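Reader: I am new to this structure. Please take me through it in questions and answers.

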Amino acid sequence: MLRGIIRGNIVSTRKQDSLVGSKFMEVQIKENDELTDKYIIAIDSVGAGIGEEVLITTGSSARLALHNTSAPADAVIVGIVD
Amino acid sequence: MLRGIIRGNIVSTRKQDSLVGSKFMEVQIKENDELTDKYIIAIDSVGAGIGEEVLITTGSSARLALHNTSAPADAVIVGIVD
Amino acid sequence: MLRGIIRGNIVSTRKQDSLVGSKFMEVQIKENDELTDKYIIAIDSVGAGIGEEVLITTGSSARLALHNTSAPADAVIVGIVD
Amino acid sequence: MLRGIIRGNIVSTRKQDSLVGSKFMEVQIKENDELTDKYIIAIDSVGAGIGEEVLITTGSSARLALHNTSAPADAVIVGIVD
Amino acid sequence: MLRGIIRGNIVSTRKQDSLVGSKFMEVQIKENDELTDKYIIAIDSVGAGIGEEVLITTGSSARLALHNTSAPADAVIVGIVD
């Protein structure tokens, strides 16, 4: 899993039906308490907002965090770091 | 998920039967609003064209965005960024 | 699989229900007996602690090491190196 | 998906039974029409030969391109670029 | 798939029950006939030893090469290069 800070959200009106309602967040990855120059786009599942530090699950496991587990998602925010 | 700009399309006449009809797009990845030197080839599922900014899902989840979910695809364009 | 040294743990109170009880560890990856500057966050499944050297399984296979195999996890500590 | 040029083939007599008959090709990855210094080994499924430019699917989706979909393969050549 | 030279083995007494009996090998990756500075840990399934050149399958496909296909493994040695 990855951790990082949410830097922005991405709006996509024309998208797959199964992704309607998904909130796409761009997250800057943090490693060993330092920010890196790596970014990932993840769907929020816990109500996280810009500036918050979050945990991200990637790959096919990510879908298990969504209501619609057959949505074509490969990265989901699964927790907010305290 | 990844975001990027579609730079071109790739034509393959001799291919797996289950990929017939697929549109292969080469996409330049964008991170934190800046273009990177990373590229990925993704199958279009939303009618995106060259020059448009798109969202891409990778891995086995990508197949869920295709009509034929048993096609050997590992990257699919699932949305167009506004 | 990856090996590395556990450097810390990450606390997340607001998280997916299926991850309640999971211990998130930040692990510094080791390659060829040398520490690298790569880090990964993995859920512990073997009672490992900070400073211990561990084996990590990533991707969808990782979930098979958890009691709840439908938890959205993509990296799990599956062994402690002697 | 990835594209690249087939540079050689790899012979393995002692291997998993389910891989008997597989042709392992070493492919040099191409991005944005330029060759990179990245290589991957993929199983051929379309009759491609050394020097040809091909499309490769990676991950668990790759297996769907093989006759034996339970073979332990993670990269398969699924098309030849025109 | 990846190729590389087995450089050592890793001993883990305290591990997941489903991994008991697995031989964990550290493999130095080779690309285009040259050794790289990348390493991966893979479970042996073909009786390979230190110094031998091998083929490795990664991801969920790797498990298909093991007797216990529900073991939490993400990299398995599936062949020995001639």
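Reader: Which strand of chain E does β6(C) pair with, and in which sense?

Author: This is a predicted model, in which local features need pLDDT of at least 70, side-chain atom pairs count only at pLDDT 80 or more, and totals for chains, interfaces and linings use all residues. Residues are numbered from 1 along each chain as its sequence is written, chains are lettered from A and ligands numbered from 1 in the order in which they are written, and side-chain values use heavy atoms, with hydrogens and water left out. Strands are DSSP runs (E, at least two residues), numbered from the N terminus, and two of them pair if DSSP finds at least two bridges between them. Ile80(C) has Arg14(E) as its bridge partner, and over two bridges β6(C) pairs with β2(E), residues 14-15, in the antiparallel sense.

Reader: How much area is buried between chain C and chain E?

Author: Buried area is the accessible area (1.4 Å probe) that two parts lose on being put together, summed over both. The contact (heavy atoms within 4.5 Å) takes 24 residues from chain C and 26 residues from chain E. Carbon and sulfur atoms give 50% of the buried area, which is about 1900 Å².

Reader: Which residue of chain E meets Arg3(C) in a salt bridge?

Author: A salt bridge is a side-chain nitrogen of Lys or Arg within 4 Å of a carboxyl oxygen of Asp or Glu. The count between chain C and chain E is two. In one of them, at 2.8 Å from N to O, the partner of Arg3(C) is Glu26(E).

Reader: Is β3(B) mostly covered or mostly open?

Author: Buried here means under 20% relative accessible area (1.4 Å probe, protein chains only). Phe24(B), Glu26(B), Gln28(B) and Lys30(B) point one way from β3(B), Met25(B), Val27(B), Ile29(B) and Glu31(B) point the other way, and all are buried. With eight of its eight residues buried, β3(B) is mostly covered.

Reader: Which residue in the hairpin of β3(B) and β4(B) takes a positive phi?

Author: β3(B) is joined to β1(B) by seven bridges, running antiparallel, and seven bridges also join β3(B) to β4(B), again antiparallel. Within the latter pair, Gln28(B) stands opposite Tyr39(B). The hairpin has two residues between the strands, and the residue with a positive phi, near 55 degrees, is Asn32(B).

Terms used. Helices (H or I, at least four residues) and strands (E, at least two) are DSSP runs, numbered from the N terminus. Buried means under 20% relative accessible area, exposed over 50%, partly exposed in between (1.4 Å probe, protein chains only).
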